[in-house]
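Visitor: Please take a close look at one part of this model, the start of the chain. Then tell me how the rest is laid out.

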Amino acid sequence: LIASRNFEKDAWVSSIVPYLTVVGSDAEVAALADELNAFYIDYDTKNALANAAVEDVEEGELLCDCEFSLAYGGMILLNKTRLNLRRGQRYGLCGPNGVGKSTLMRAIASGQLEGFPSPDELKTVFVEHNLQAEDADLPVATFIFNDENIKNLERKAVIDMLESV
């Protein structure tokens, strides 16, 4: 519950009470579950504030500061996850297979990520690794300009940005 940042009271009571009924009455155990829930809500809030203090020292205009959850099918991949992006910074997603990297990028590209800036404010392009055969041999710049979401961008500016990465 802590790792998934699930602090809903009912989830804590239903998860903790069955394990602790051997050490106390139902009322005592329910009170303990409430105390643990309150403690970890406070703990999570303090950690969020500590992380926010670190974010303030980063340079660049804040482009995105959102908290979201992300699921694929019936599986929750990211729960109450904070995303901060600043202009002029480079970011990467690292992690083992199946943790939601591509799902997150797909959600950003399709405009489905809660709180993420709209395409008018921040242009994003997601180049998937499983391309159609006819697209597989295209140069990256050509592939990007084939995307109908890319409009009114100067070709040289895009190529310069790609080369900088």
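Guide: First, a definition. Helices are DSSP runs of H or I with at least four residues, strands are DSSP runs of E with at least two, and both are numbered from the N terminus. On that basis, Phe7 lies in the segment before α1. The model is predicted: local features need pLDDT of at least 70, side-chain atom pairs count only at pLDDT 80 or more, and totals for chains, interfaces and linings use all residues. Residues are numbered from 1 along each chain as its sequence is written, and side-chain values use heavy atoms, without hydrogens and water.

Start with Phe7. Is Phe7 buried or exposed? Phe7 counts as buried, because its relative accessibility is 13%. The cut-offs are these: buried is under 20% relative accessible area, exposed is over 50%, and partly exposed lies in between, with a 1.4 Å probe and protein chains only.

Which residues does Phe7 touch, not counting those up to four places away in sequence? They are Trp12, Asn37, Tyr40, Ile41, Asp44 and Lys80. A contact here means heavy atoms within 4.5 Å. Asn37 is 30 residues from Phe7 along the chain, yet their C-alpha atoms are separated by 6.5 Å.

Follow three of those partners. Trp12 is one of the buried residues of α1, along with Ala11, Ile16 and Val17. Asp44 is found in helix α2, residues 26-56. Asp44 is buried too, because its relative accessibility is 18%. Beyond its neighbours within four places in sequence, Asp44 is in contact with Arg5 and Phe7. Lys80 lies in strand β2. Lys80 is partly exposed, since its relative accessible area is 28%. Its backbone deserves a look as well: Lys80 is not a glycine, but its phi is positive, at about 50 degrees. Most residues other than glycine have a negative phi.

Now the helix that follows. Helix α1 covers residues 9-20, 12 residues in all. From first C-alpha to last, α1 reaches 16 Å, close to the 16 Å expected. That expected span is 1.5 Å times one less than the number of residues. Val13 is also found in α1. Val13 is partly exposed, because its relative accessible area is 27%. Setting aside neighbours within four places in sequence, Val13 is in contact with Pro18, Ala33 and Asp34. Val13 and Leu32 are 19 residues apart along the chain, with C-alpha atoms separated by 9.1 Å.

Strand β1 (residues 62-72) and strand β2 (residues 75-86) run antiparallel and are joined by 9 bridges. Strands pair if DSSP finds at least two bridges between them. Asp65 stands opposite Asn84 in β2. The two strands form a hairpin with 2 residues between them. In that turn, Gly73 has a positive phi of about 65 degrees.

What of the cysteines? The whole structure has 0 disulfides. Cys66 is in no disulfide, and the nearest cysteine sulfur, that of Cys64, is 3.3 Å away. A disulfide calls for a pair of cysteine sulfur atoms within 2.5 Å. Cys66 is buried, with a relative accessible area of 4%. Cys94 counts as exposed, at 79% relative accessibility.

Further along, Met105 is found in helix α3, residues 101-109. Met105 counts as partly exposed, at 28% relative accessibility. Not counting residues up to four places away in sequence, Met105 touches Leu93 and Phe126. Met105 and Phe126 are 21 residues apart in sequence, and 6.4 Å apart C-alpha to C-alpha.

Finally, the whole chain. It has 5 helices and 2 strands, in the order α-α-β-β-α-α-α. Of its 165 residues, 21% count as buried. Among contacts with a separation of 6 or more, 44% join residues 24 or more positions apart. The chain exposes about 11900 Å², of which carbon and sulfur atoms supply 54%. Those areas come from the Shrake-Rupley method with a 1.4 Å probe; for residues, only the protein chains shown count as cover.
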